[in-house]
Amino acid sequence: MGSNVKLKGRLKTYIMLPLWLTILFAALAAGVCVYRPAAGFWCVLFVVVYFAVMLVFYRRCRHTVLNEMIDFATHYGTVQRKLLEEFEVPYAILDQNARLMWMNRQFCEISGKPKNFHSSITGIFPQITKERIQKDEQVNIRVCKDDKTYRASVSRIDFSRMLDKSTGFESEDKDQYLTIVYLFDETLLHQYRQEKLDMQMVPALVYIDNYEEVLDSVEEVKQSLLIALVDRKVNKYFAAQGGLVKKTEHDKYFIVFPHKSLDVMIQDNFSLLEDVKSLKVGNEMSVTLSMGIGDVGSDYAKNYGYSRMAIDLALGRGGDQTVIRTKEKTSYYGGSSRQVDKTTRVKARVKALALREIMISKDKFYVMGHHISDIDSLGAAVGIYCAARQLGKRAQIVLDTVTTTLRPFRDCFVPEKGYPEDMFISCEDALEEVNSQTALIVVDTNRPSYTECPELLAKARTIVVFDHHRHGEEVIKNTDLSYIEPYASSACEMIAEVLQYFDEDIKLSSTEADAIYAGILVDTNNFMTKTGVRTFEAAAYLRRCGAETTRVRKMMRNDMNAYKTRAEAVRHAEVYRGAFAVSICPADNIESPTVACAQAANELLNITGIKASFVLTEYNGRIYISARSIDEINVQQIMERLGGGGHMNSAGAQLTGCTLLEARRSIENTLNEILDRK
C-alpha cells in the first residue's frame, strides 16, 4: 500500500490522543498561572517538555507502530487466507477487468485452472462478463460447468471501503474495487425443479371438427366403427405420452398428460392430427381434430381456462390444428388442410337474429372495415347499412382512405341517388360523435390494429364483429356479438346470408347488391378460390336483388398505370427454390399500390410450377405483403410468422422498420425454416 495508506478512524484517534492532551494541559497551566504564578511557571515548563517529548515520540515511532500493525494484519490476513483456501465454498477474487487475482482450492477444482491463472473469468464461465460485473454491485448468475449447474454470487467491493472495515486504513484511490465470486452448486436443485415441471399435469381439450359431416358421408352401419377408430387413435396417442383420456361428449375429449410429454408432441408436430385423417371406412371426408392446450404453470384451474381459450382459437381458425396458450405467447401447429365448408345455415340465422336485437336496442351505428379498405370491406359495410335502414336506424360507414378500385363503388352512394350526404364519415368525426347509444360494427377484420380507426374501439360500448379471416393472437375484445367463419369466402358472403334472415321484407337496390357481389367476386378471384355451395347461393341471392355482372366488371377495371405496374411486378418476379414466386411491386405513379400488389400475386399463380406467390410493395411507410397459393402451401402460416394472417390460400402481412429487400429476405428465411423442417 505504501504512501497511499494513512491513518483513519479510531486508530488515528488512539495514536493522536497524547498530542491532543497537550491542549488540556496547557489550559490547566494557564489557570494555575493566574492564581499562583510560581507554580504556573513549572506547569508551563512541564507542558512544553511533555509536548516536545510526545512530538518526538510520534514522529520517530509512527512508522514503527504502523509496521507493527501491518505485520499483525499480515499475520491475521495469512490466517484468513488459509481459512479461505480451505473454505468448502468455491471462492475467487477478480480485478476491475474481470481477471482472476486469486481463487481457493475448490474454485480451482471446478474451473480446472491452476492458482497462477490470471486471465479473464469469461473464458471459464462465458455468462460472467466484464460488462455484467460493472453494471450491478451484486448479481446472481446461473453458470454451467461439466454438466453441473452453479449459482454464481458476484459482489463488487470498493477497495477503500474494504481497507476501512478490515484494517482501519484508507486508500486515497477511490476508484479501485474488487469483485468477489462465490459458486453454489445447484445441480440437484435444478434437477428437482425440472422433475417437478416434467411431472406437472397439463390439461388439453380435443374436439372432432367435422363430426356430423363425416358421419353423414359414411354408411350408418359403419358410423360406430369410425368413431371407435378415432377413439382408439386418441387414446393410443396420449397413452404413449403417459396421459389420461376422458370422453366428455360424442365429439369431445378431456385429456391430462405430464408436462415433459408436451415437448415430445411438439417435436413430432402433433402427428395425431395427420393420423386420424388416414381413417377410412367408406367415408368420403377425412376426420379432422382440433386441440387446445393451456400451459401457464402449476395452477390447474388457470391451465384449464387457457386450454378453453386455446380450443376456441383453434376452432375459430378453421380447425385441424393444435393451439398452445401460455402467458407469454400463443403457438400454432398443423392447420394445413382446407376448412370444412359447412352447408348448414343455422349459425347464420342465429347471428342474424342476434344482430337484429342489438340494432333494435341502439339508435345509431358506425360500420368500420380494415385500414385501406377494399371492395369486400366496403360491400359488407353497405350490407350492414341496409340492415339498419330496414329498422329505421341511422348508420354511417367510417372511411378515410378511398383507393382507385374503391372509388367507382363509393361514388355510387351519393345524395343524387337517394343516399344521405353523411353516409360516409371520417375517423375524426366519428370519434367526436360516438356516445353510449352508438354501436360499432366491424367487418372484414378481427384485429384491432388493422381497423380503420382503432381508437373508436376503445370508445364504443357495444361492438359487433363479422369476419372471415382466421383468429390471430390479436383480437377485438369485449364484443357483444362475434361472427367469425374462416370457411366463408368473404365478408360479403357472410353479410349476404345474414341479410336473408335479418328481415323477410328487406330490399336491396341494384347498387347495393353490386357492391356486395363485387366483394365476393374479388375475394374469390372470380369464383376460382375458396368457393363453396354457400358462396354461389349468396351470389344467386344478390343476383335476384339486382346485381349485374357486367356493371360490376366495368367498375372493377383498372387504369393504365395500375395495369402496367401489375405487369411490371409479374415481369420481374423471381422463382425461389423452384416453386415460389417472389416479386416487388413498384409504388410509383399509382394511387393504390396495395391493390396492384394483390392482383400481381394472383396473376403469378397462373404460371406452371408455382405453388405460392409473394408480392411486396411499400406504401405510407409500411411494407405490404400479399401472399397467394392454390392448394399445396398454407400461406397463412407463413404470414403469421411475419406478424400477419389470413387464409390458407390468401394471406398478407404489414411490416415496419425494414426495407423491401429485408422484408424479402424475411420471407425467404421463413420459407427455408418451414421447408427444411419437413
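Trainee: Why does tyrosine 624 count as buried?

Mentor: This is a predicted model, and in it tyrosine 624 has a relative accessibility of 9%. Buried means under 20%, so tyrosine 624 counts as buried.

Trainee: What stands opposite tyrosine 624 in E23?

Mentor: Threonine 617 stands opposite tyrosine 624. The two strands involved, E22 (612-619) and E23 (622-629), are antiparallel and share eight bridges.

Trainee: How do you know that E22 and E23 pair?

Mentor: Pairing requires at least two bridges between the strands. DSSP gives eight for E22 and E23, therefore they pair.

Trainee: Which sheet holds E22 and E23?

Mentor: They belong to an open sheet of six strands, in the order E20-E21-E22-E23-E25-E24, with mixed pairing.

Trainee: What makes E20 and E24 the edge strands?

Mentor: Each of them, E20 and E24 (645-646), pairs on one side only.

Trainee: Why is the pair of tyrosine 619 and tyrosine 624 called tilted?

Mentor: The ring centres are 6.4 Å apart, and the limit for a pair is 6.5 Å. The planes make an angle of 55°. Under 30 degrees would be stacked and over 60 edge-to-face, so 55° falls to the tilted class. Tyrosine 619 is buried as well, at 18% relative accessibility.

Trainee: What makes asparagine 620 exposed?

Mentor: Its relative accessibility is 59%, and exposed means over 50%, so asparagine 620 counts as exposed. Asparagine 620 is in the loop between E22 and E23. Its phi is positive, about 55°, although the residue is not a glycine.

Trainee: Where does phenylalanine 270, which also has a positive phi, lie?

Mentor: Phenylalanine 270 is in the loop between helix H9 (260-267) and helix H10 (272-275). Its phi is near 55°.

Trainee: Is phenylalanine 270 buried or exposed?

Mentor: Its relative accessible area is 1%. That is under 20%, so phenylalanine 270 is buried.

Trainee: How do you know that the span of helix H24 agrees with its 18 residues?

Mentor: At 1.5 Å a residue, H24 (residues 660-677) should span 26 Å. Its end C-alpha atoms are 26 Å apart, so the two values agree.

Trainee: What do the buried residues of H24 pack against?

Mentor: They pack against strands E20, E21, E22, E23 and E25 and helix H23 (635-641). Among these buried residues are Leu660, Ala663, Ile667, Leu671 and Ile674. Arg664 and Glu668 are also included.

Trainee: How many aromatic pairs does a search of the whole structure find?

Mentor: The search finds 14. One of them joins tyrosine 91 and tyrosine 182.

Trainee: Why is the pair of tyrosine 91 and tyrosine 182 called edge-to-face?

Mentor: The centres are 4.9 Å apart, which is within 6.5 Å, so the rings pair. The angle between the planes is 65°, and over 60 degrees counts as edge-to-face, so that is the class. The pair links distant parts of the chain, with tyrosine 91 in strand E2 (residues 91-94) and tyrosine 182 in strand E7 (residues 177-185), 91 residues apart.

Trainee: Why does tyrosine 182 count as partly exposed?

Mentor: Tyrosine 182 is at 27% relative accessibility, which lies between the cut-offs of 20% and 50%, so it counts as partly exposed.

Trainee: Which residues do ring pairs link into a cluster?

Mentor: The cluster consists of Tyr385, Phe413, Tyr419 and Phe424.

Trainee: How do you know that the charged end of lysine 252 sits over the ring of tyrosine 207?

Mentor: It is 4.9 Å from the ring centre, and the distance limit is 6 Å. The charged end of arginine 447 sits over the ring of tyrosine 450, at 5.3 Å from its centre.

Trainee: What makes strand E15 mostly covered?

Mentor: Four of the five residues of E15 (residues 394-398) are buried. Five bridges join E15 to strand E14 (residues 364-368), and these strands run parallel. Lysine 364 stands opposite arginine 394 in E15. From E14 the chain passes through helix H13 (residues 375-390) to E15, a right-handed β-α-β crossover.

Trainee: Which strand does E15 pair with over two bridges?

Mentor: That is strand E16 (residues 424-425), again in the parallel sense. Here valine 398 stands opposite isoleucine 425.

Conventions
Residues are numbered from 1 along each chain as its sequence is written. This is a predicted model: local features need pLDDT of at least 70, side-chain atom pairs count only at pLDDT 80 or more; totals for chains, interfaces and linings use all residues. Side-chain values use heavy atoms; hydrogens and water are left out. Buried means under 20% relative accessible area, exposed over 50%, partly exposed in between (1.4 Å probe, protein chains only). A crossover is right-handed if, with the strands pointing away from the viewer, the path from the first strand over the helix to the second runs clockwise. Rings of Phe, Tyr and Trp (its six-membered ring) pair if their centres lie within 6.5 Å; planes under 30 degrees apart count as stacked, over 60 as edge-to-face and the rest as tilted. A charge sits over a ring if NZ of Lys or CZ of Arg is within 6 Å of the ring centre and within 35 degrees of the ring normal. The expected span of a helix is 1.5 Å times one less than its number of residues. Contact means heavy atoms within 4.5 Å.
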